[in-house]
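Here is a short report on one model.

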Amino acid sequence: MNLSIRNIKIKRALFGLTMTAALLGTGASCSKIDDVPSTRLASEETNWKTLEDAKANLMSIYGLMRSATVADNGHWLMGDLREGDFTITNRSDLKAVVNNQLNASYPVIERVSNWRRFYAGINAASLFIERSSEILELDPRYTELNNKVDIAQARMLRAYAYFYMSRIWGDVPLITSSHDGDFIKTERTSQDRVLGFATSELLDAAQVVPFRYGGTDPIYPGLYYGGGWSSWNGNVWTRLSAYIILAHIAAWQGNYIDAATYSKFVLDNQSTQYYVDGANPLDYINMDALTENQNNYSPFAYKRATVMVGFPFEAGNGLSTANGHIEQLTLASPFIPKSKPEMFVSKDSIINIFTDPKDLRFSKDLVSGYYRTNYFYGFDSELPIFNKIKVLYPSQTSGNVTLFSSSMVFSRMEEITLLRAEALAALGDIDGAYTALNKACNLRGIVYSTQNSPDVIKAIFDERRKELMGEGWRWYDIIRYQRLKRSNAPFAEKDGKQLTFKEFEDAGGIYWPVSQAVINANSSITQNPYWL
Amino acid sequence: MVKTSISLSIALCLSFGGLQLNSAHAKTFGESSLKGYRIPFVKSQVDTSEYNAKTDTIGQMVKALQKFKNAKDTINIREASAVPNLSLQQIAKGHLAGLYVQEPNGEPGTEQSMIVQGPSGILFSKKDVYALQPAVYLNGVPLVADNPFAFDVQKYDYNRVGPANNLLAQINISNIESVVLVKDPFELAKLGPNAANGALYITTKNAKAGIRDISLNTYFGYATAPKVNTVNGVYENNFRRPFYEKYGNQQRYDDYALYLRDSTNTAYFGPSNWNDLYYKNTPTYSADLGITGGNERANFRFFGSGTKNAGNADETNINRYNVFFGINMAPFKWLTVSSNVNAVRLDRNRNKSLRDRFAETRYIPDLSTPLSPNKDNFGLYLDENKKNVDNNRTTSINGNLTLSSKLNRFSLQSSLFFDYNEGIRDYFTPSTLMDGVSYISTYFGYNQRMIWNNTIGYDFDLGDDHSLDLEVGHVYQGDTYKYNYARAYNGPNDYVKLVFVDPGAPGDSYLNALNAGNFYVFRYIDKELNNLLSFYGSAKYSYKDIFKLNAMVRRDGSSNGQPDSRWMTTPAVSMTYNLKDQLFAGSSFFNQLELSAGWGRNVRIFLDDRYAAGPQYRSESGWYEEPTIPGYGGVLGINRPYESGFIGYGIKLPYADRTNISLDGTFLNNRMNAAISVYNRNDKNQLVGVPVPLESGYSVNYKSGLEVNNKGIEFLLNGQIIQNPESFNWRSSINLNYNKNEVTALPDGYKEIINGDNRLEVGKPVTSYWIYKNQGIYNTDADVPAGHTFNGIPLFAGDPQWADLNNDNRIDTRDKVMEGNRLPSLIGGWSNTFAYKNFDLNFHFFFATGHKILNQYQATKYDFIKREASNDITSVKEVSSWQSFEKEKTYPIYNPWSDVNAYRVDQDLFLEDASYLKLRSVTLGYDFKNASFLNSSSGKFRRVYLYATALNVLTFTKFTGVDPELSNYNGLYDGANLTIPRTFVLGLKLDL
């Protein structure tokens, strides 16, 4: 009897206890649903709050722009193949580009002709321009000057994207704000307007950005995001970068007066990055720096001041990749374990291009009797390997790890000097043009003169062809050259009809088609007429 | 934040200290009135009614497991247990109406997919497959599956990083009491959001009272090597000749594949006998032991098993070790405690295919020289492979602890469920196999689920005719998914097979492998939580035995929903009407006839926590070929998810609305049971990426509003067709499902959405192909209509003639049609058992029809020019491609050099009927239990069953490849997956 009473008591006690526990559990769990912040992303609640947010968002614009230019090796596919010096070994898609079949049905061609990758960078830049100042109030470490300089970089990058795109597609939709979360359909904007916008943005930005970040530049003194100039040089864009892009936009538009002015500004201010703040200097580079990854100057192997406009892929930051580098297309045995390169410069082309017997890039060494291998290895063989750029993880010139670290270099001293020569030549300052030209090739063993090269414009473009081979310039140089020359010789053929360059350009032939995906997604985008 | 890990360890302690749940119908299951044969569902119904009347203490709590009293759709465990299947998917295949199981790979232990009553959503990428899987409950524990978020850091999605073991290979059939496919709307609503895609409810054999009960099962056999027609370079040259004859020119001949040029090279032109080393007869075996014992107040079950399941190719196999322990106790008359724990380890030996290796290493070496078909050369390659390390291990533990108490008319139950599984992969491949670069990767990841469930019930006393049960409950579920993954290239030599760290380095940097040796290391870390909280109330009313009404309403909140829409209230209702008593009360034909109808709604929770965050920023700045670029200038950048797509506000939780009407009856003295049901399911509010102007920078914009409808009809028939206990018996069961699937709405009123190679259109199946119509070949340039182009590229002789459906003289995506379905419309299975005295013979057929395959294998084969010219993952030529197939089709000889990509796979040229009928298994057995030599010695044996089983015996199909099941989720047959082996085993089952 006692037992059963006790039993019931225990029973009730336990029962009550369990009920209470259940109710308590229920109450406590509610917050578990509402309070589960993701550790995998930043939301509107967490982004744009601190100095670090500004840094992470700004660097991402650079990252997106780097990806936009090099994705699928697009920088080289679009710059070096059309009318270019490279012969394709096997790849049918590359052959199609060489043969000007830019609408051929290949995944790589489809992807590179999709401009979304640039607009991702543009949108990120616009968003940064609109939002980054929110941080000023929240984080006292983020100074007004820091913010101004950051926004100026974002504007520079966005302007660069528009310039880069309009070289490829001509008229592109000009979108200058983020329209965040709003998906508007925009038509193509005329190239003049797009480039006009880019020019004014760059001019504004150029008034703000310093010559050096994190150093002793009075425009922006002191560390930049905790880093000194030697950690930022070659990574972020400076005032010189802005003027280089400005010079290129002007030259592309045939406005050589401005091109001359802007390029002069750049060359006159070389000293701002020359042996200052403990970093390697900005200078013309010798053959070792150009082709052998020499440590202090190589623009390809390291992030150095010599990358005036460009994007590095630093091995130490886990950025070595297989795709996104010229090496994937051009290197083969004995540099990497690969039987054949995907493209090469044929023997005939090499002989036609490198005519000067003293040219250190390629010529026969009169002392040893061997061909120089700086640019081409195995000239005697059927497939000379174009080995000018060869940066294997981390910064080797050959090896088995076919992950590459070479920077995407848009401009360096030689390049902007040649652009200045081009501008002077176009403006009729022939002496000035020769001077600039010879300054650019001073370390290449050759000298241009009215005697050996009476056509200075041709000489400048010949030198660009040699110096910038494999740097994504050839096609755009041909366009500027043809525009200057106004030749009536047949340039291209369409549907069995010969076209002069002018006719070809007027028909839209210099531009790439837009991928079908772009048109499917926005019906107000029209195809380039040449590719209809 | 939830510290589920702490709770987990508590649960573990409790359950080891503890106790276990019983399944009551196990008791009645053992003794069948039909000598040696039984009809499980009929029995289980009988069990159920018997059970309801029971009031014994241990039986009480079994209520938790006995959720599916009305379920007819179960696997005949006795028949299935003689078949040497590894995974749940294989066990269930062809046995359950409406469950479509596809085994896309014969490699043991690889992931397999199940789809219940049609796909509820899109199947654009491998990730989507995960979102369509039904929940699998093991003794009430909804097992946690791998989360597809790891695909975010992968370049190729052939396999998920890590061991990629099939987590549903953890259940040994010898320990299973029942497998029920739950499709009833009310029952699914009661199971809650986990079960939005349907549920498979598995109850293991459990502790029960009675004298000691021991069972021993074992089998041994072989997975047999297939016969293949091997070929060598001569075949390949002959295959290529017509292309060169028709379209060759000097330059094209100059580029002729190097390895095929020299016919004296024995590596490619010698005997083609690679198959001797590749395919082997491989032993496959298993043994298990189950012990049950105890009394009415405390009883237990122990089960242990070891299994080796072998494939026939590439030395693939998986080892499984499984231990199960369960206890029930009734310390007081009103309180019962039960617990069980199931622990599994899976060790898998994976294939050594080039594709899977390159996909893991993300590193494509020079592919211009393929593997040799010659045994001697191939053997050298295999020898190098012996330096590989490839450990794939999954360790899993799950279980539950349930306390039930009953006080007068109140009942209270509190349960703790947990499931934890962790996967480890160590991978090393030597420099000799990767052009001088060694590769190492390590993966550790876990999935963890913790559930706490409390219910209170009250049973009203309303007299004899009426009964009413009320129940309210609360469930909290916490999931955690996590992995760490590191890849490294270029180790110092081929002996160092681990990423090593530098113990001498100062401070924290000793763990920095980046600086140690030459390793180039990439690291990936990810973690995600997903919590779910639910409250529900349900009522069961019945009037006599005539009418039953169930109704419930529940409210679920998911942490993966957006703040303004993470809670949702959903109702469900079902009714059952006993026609037999009303209409055929006097009939002796019917034993039972019921009409039931139900409607229910299930919330579907997102597998990814990104959708909860709204507009967000992630580190996504790579591109197609290099998807995981970590940042810029040593800074981890963050930006909008341009690549993966915009996620805005206003994303709602998706849900599934189900309606079901079924009629089922038992007749002819319980010998036959038939059920027919019709269902309609609308999966609403689902997320899909809608196209946006690409000038926004985004690939797509995720919007709620995709609605998919599946409707269909199911038929089940089980019967003892010939019943003659003393001589011949024939039992047969058939299941059929016809499903029709279509997209009924898209977000924002879109009528169509294009996403890469996929297209959705309202009114068309969600898994439709989107392809060009091929109408032949242009034999001469003159045949091509003037100005006719493919996307602007002029067509010439040798190019395919694609249909210009919109007559604009231009072939482009607007000329593609939605045709063919990747998933079958009619599936079913047919199982038969013939018995004569102590002999029995079972064979099981299953089939699927109405679906199509795109034969990518042939497309790639014919496209050899471009494939070999590009050095990417599609250019890989596996050793197994040195064979020809019997039914192989020949395709027109197009110009393989043409820029229009003549052999593109997205055309109906490569679309094939994938229907098949397979004889899945044949078992012949003999039960010695009555044999005098056994009985005379001990007399204790309840069953001594010796059997022989053949698995994957025959396939009937029009498909021209090896096996229509071996296609990927996207319907592409790439020939890369290993074939499903034909396996023969001899087994023994001993019960005493």
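## Strand pairing across the chains

Strand E1 (42-43) of chain A is joined by two bridges to strand E21 (residues 616-617) of chain B, and the two run antiparallel. Strands pair if DSSP finds at least two bridges between them. A:Ser43 stands opposite B:Gln616 in E21(B). Helices (H or I, at least four residues) and strands (E, at least two) are DSSP runs, numbered from the N terminus.

This is a predicted model: local features need pLDDT of at least 70, side-chain atom pairs count only at pLDDT 80 or more, and totals for chains, interfaces and linings use all residues. Residues are numbered from 1 along each chain as its sequence is written, with chains lettered from A and ligands numbered from 1 in the order in which they are written.

## The A-B interface

In chain A, 86 residues are in contact with 88 residues of chain B. Contact means C-beta atoms, placed from the backbone, within 7 Å. H1(A) gives the largest share of chain A's side, 13 residues. Other elements supplying at least two residues each include helix H2 (51-70) and helix H6 (116-131) of chain A.

## Helices H16 and H18 of chain A

The axes of H16 (residues 413-427) and H18 (residues 456-467) of chain A come within 9 Å and cross at roughly 165°. Axes are lines fitted to C-alpha atoms, for helices over the stretch in contact; angles run from 0 to 180 degrees between N-to-C directions. H16(A) and H18(A) are therefore roughly antiparallel (angles over 145 degrees). Among the contact residues are A:Leu418 of H16(A) and A:Ile460 of H18(A).

Technical notes:
Parallel < 35°, antiparallel > 145°, perpendicular 65-115°, else oblique. Contact = placed C-beta atoms within 7 Å.
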